[in-house]
Amino acid sequence: MAIAYPFLFWGYFAGDTVINLIYAKNAALGNYFEFNLGQKSAGITCPGYMLYFTLLFKLIPERLIPLVIQIGCYLAWYLFLLVIFFLA
């Protein structure tokens with residue numbers, strides 16, 4: 001069950017991820033901490049995550065970023081399962 005569980009949510013992102021993607025896209029264009037272009041805001045909840053996404057926007061095509069993020073999340077989930085397995 002734990003192995004197949006993440007695939008139930010393929011293609012979906014939580015609310016904070018979508019917000020971080022918008023902030024990161026704007027930051028990659030030089031508009032740091034702007035959700036709406038031209039309006040600075042403090043609505044970012046995880047600046048490190050946003051900066052990581054900004055780096056992705058600089059390095060890979062925009063259309064691939066959601067796929068890269070999901071693959072990274074799945075890899076992190078399976079790494080977590082391995083750690084728990086070996087610690088148990």
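Is Tyr-49 buried, partly exposed or exposed? In this predicted model, Tyr-49 is partly exposed, because its relative accessible area is 31%, between the limits of 20% and 50%.

**View 1. Tyr-49 and Phe-53 pair within helix H2.** Five aromatic pairs occur in the structure. In one of them, the ring centres of Tyr-49 and Phe-53 are 4.4 Å apart and the planes stand at 45°, so the pair is tilted. Both residues belong to helix H2 (residues 47–59), where they are four residues apart, about one turn of the helix. Tyr-49 is partly exposed, whereas Phe-53 has 0% relative accessibility and counts as buried. Ring pairs also bring in Tyr-52, giving a cluster of Tyr-49, Tyr-52 and Phe-53.

**View 2. Phe-85 and Phe-86 form an edge-to-face pair.** The ring centres lie 5.3 Å apart, and the planes meet at 75°, so the pair is classed as edge-to-face. Phe-85 counts as exposed at 58% relative accessibility. Phe-86 is also exposed, at 62%.

**View 3. A nonpolar patch lies on the surface.** Its members are Phe-7, Trp-10, Leu-67, Ile-71 and Leu-75, which together have about 500 Å² of accessible area. Ile-71 is located in helix H3 (residues 65–87). With a relative accessible area of 40%, Ile-71 is partly exposed.

**View 4. The largest pocket is lined by 13 residues.** The space in this pocket is about 230 Å³. Phe-9, Tyr-12, Gln-70, Cys-73 and Tyr-74 are the lining residues nearest the pocket centre. Helix H3 supplies the largest share of the lining, five residues.

**View 5. Lys-25 and Glu-62 are joined by a salt bridge.** Two salt bridges are found in the whole structure. In this one, the N to O distance between the side chains is 3.1 Å. Lys-25 is partly exposed at 34% relative accessibility, and Glu-62 is partly exposed at 45%.

**View 6. Glu-34 and Lys-40 are joined by a salt bridge.** Here the side chains meet at 3.4 Å, N to O. Glu-34 is buried, with a relative accessible area of 8%, while Lys-40 is exposed, with a relative accessible area of 61%.

How values were computed. Residues are numbered from 1 along each chain as its sequence is written. This is a predicted model: local features need pLDDT of at least 70, side-chain atom pairs count only at pLDDT 80 or more; totals for chains, interfaces and linings use all residues. Side-chain values use heavy atoms; hydrogens and water are left out. Rings of Phe, Tyr and Trp (its six-membered ring) pair if their centres lie within 6.5 Å; planes under 30 degrees apart count as stacked, over 60 as edge-to-face and the rest as tilted. Helices (H or I, at least four residues) and strands (E, at least two) are DSSP runs, numbered from the N terminus. Buried means under 20% relative accessible area, exposed over 50%, partly exposed in between (1.4 Å probe, protein chains only). Patches are made of residues with over 30% relative accessible area and no salt bridge: like charges are joined within 9 Å, nonpolar side chains (Val, Leu, Ile, Met, Phe, Trp, Tyr) within 5 Å. Accessible areas come from the Shrake-Rupley method with a 1.4 Å probe; for residues, only the protein chains shown count as cover. A salt bridge is a side-chain nitrogen of Lys or Arg within 4 Å of a carboxyl oxygen of Asp or Glu. On a 1 Å grid over the protein atoms alone, a cavity is a set of points where a 1.4 Å probe fits but cannot get out, and a pocket is an open set with protein on both sides within 12 Å along at least five of seven lines; lining residues have an atom within 4 Å of a point. Grid points are joined across faces, edges and corners, and a volume is the space filled by probe spheres set on the points.
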